[in-house]
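Here are a few notes to go with your first look at this one. Have the viewer open as you read, and take the points in order.

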Amino acid sequence: LSKADTMVFDKTGTITEGRFNITDVVPVGVSEQKLLSAAATAEYFSPHPIARALREASGIKRPAKGVVMELEEIPGRGISAFVNGKDVYVGNASLLEEHGIGYSVPDRAGSAIHVAVGNCYWGYIIFSDKLRDGAFDALESLRRLGVRNMVLLTGDVRSVSRPIASSLNFDMVKAELPPDGKVSAVEYLMATKGDNSSLAFVGDSDNDSAALTRADVGIAFGALNSDTALDDADILFMGEDIRRLPLTMELSCLSARVILQNIAVIVSIKLLCLLLGVFGVLPVTAAAFAEAAALIAAMLNALRTFKH
Ligand code: ADP
Ligand code: MG
């Protein structure tokens with residue numbers, strides 16, 4: 001981490017809170033409640049933050065056994081399910097395009113999720129998410145610590161991601177990525193980064209596991225909510241406070257410095273005593289004192305990392 005000069009961030013749940021609010025419901029040919037209930041039923045068992053917002057807003061109860069069948073969560077797209085004898089698709093525009101279903105292009109800001117039931121388009125729902133507290137300051141501190149290239153990767157739409165990227169001064173943003181698109185982007189950045197530097201990927205959820213594994217340093221937030229993050233990340237944050245990231249990098253830089261200083265101190269004291277012993281300036285017993293002095297010096301130096 002102390003050598004990271006490229007830092008790649010996932011957006012939803014990492015830079016933003018990943019707690020969506022519904023800001024608009026735009027039904028086509030059905031009522032608002034019917035649109036919300038259809039979306040929430042299909043999404044009921046999904047762990048995605050969009051699903052949680054739908055469950056809360058629609059107020060529906062857990063669907064009875066056998067109501068939602070052939071449930072498939074398509075990463076970066078949405079949900080496809082068979083509900084009460086009909087195919088239901090809940091997801092972004094690519095999901096509907098994939099199934100050849102026409103949809104309205106939203107005319108308002110936010111992440112739009114479209115709903116189709118039995119191949120009929122039922123409308124869309126707009127979601128909004130908030131930046132994490134302290135995100136701006138955290139990224140500025142990382143820049144001061146030596147991160148030169150900050151990249152934002154997301155499966156969300158450009159109209160939502162670009163304003164976030166520019167408000168936080170990201171150097172590059174790639175939106176509307178499928179999950180394997182995040183891995184390709186990480187691989188490209190790994191191939192183009194400097195020789196003696198490393199690349200860190202910061203993500204939060206199951207769909208980031210491949211990128212977490214591929215990066216030199218995989219960092220996961222909210223690790224308590226995700227089993228795969230526990231397996232794939234090198235650094236785990238149990239909580240979700242993004243301000244801990246620059247603190248962790250500072251600690252890494254300090255630790256790396258302390259290790260190098262300690263090696264230098266120990267080797268020089270021992271070499272000096274050896275030479276003085278060989279030339280008869282010091283008695284052999286002085287080597288024992290030198291051993292202890294080198295150890296104490298190294299330990300006192302290492303204590304500096306405890307202030308973090
Ligand atoms: P990010 O890459 O920013 O972390 P995700 O990979 O979680 O975002 O999702 C990318 C996009 O895929 C979302 O913005 C949404 O359009 C769509 N999507 C993913 N999962 C779902 C779901 N369960 N329901 C609806 N849409 C989804
Ligand atoms: Mg995410």
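1. A word on naming before we start: helices (H or I, at least four residues) and strands (E, at least two) are DSSP runs, numbered from the N terminus. Keep in mind, too, that this is a predicted model.

2. Start with where ligand 1 goes: it sits in the largest pocket. Three elements, α1 (11-15), β4 (78-83) and β5 (86-91), each give at least two residues to the shell around ligand 1.

3. Now the neighbours. There are 21 residues around ligand 1, and those that come nearest are Asp 10, Thr 12, Glu 43, His 48 and Thr 154. Sorted by class, the shell has seven charged, ten polar and four nonpolar residues.

4. Ligand 1 would expose 560 Å² on its own, and the protein buries 96% of that.

5. Last, the magnesium ion (ligand 2). Its donors are Asp 10 (OD), Thr 12 (O) and Asp 204 (OD), at 2.2 to 2.5 Å, with the sequence spacing D-x1-T-x191-D. Asp 10 belongs to strand β1 (residues 4-10) and Asp 204 to the loop between β10 (198-203) and α8 (209-214), so this pair ties together parts 194 residues apart in sequence.

Methods. Residues numbered from 1 in each chain as written. Chains lettered and ligands numbered in written order. Predicted model: local features only at pLDDT ≥ 70, side-chain atom pairs only at ≥ 80, totals over all residues. Heavy atoms only, no water. Near = heavy atom within 4 Å. Areas by Shrake-Rupley, 256 points an atom, 1.4 Å probe, with all protein chains shown as cover. 1 Å grid on protein atoms, 1.4 Å probe; cavity = no way out; pocket = protein on both sides within 12 Å on 5 of 7 lines; lining within 4 Å. Sits in = over half its atoms within 2 Å of the grid points. Nonpolar A, V, L, I, M, F, W, Y, C, P; charged D, E, K, R; others polar. Donors = N, O, S within 2.8 Å, 3.2 Å for Na, K, Ca; no water.
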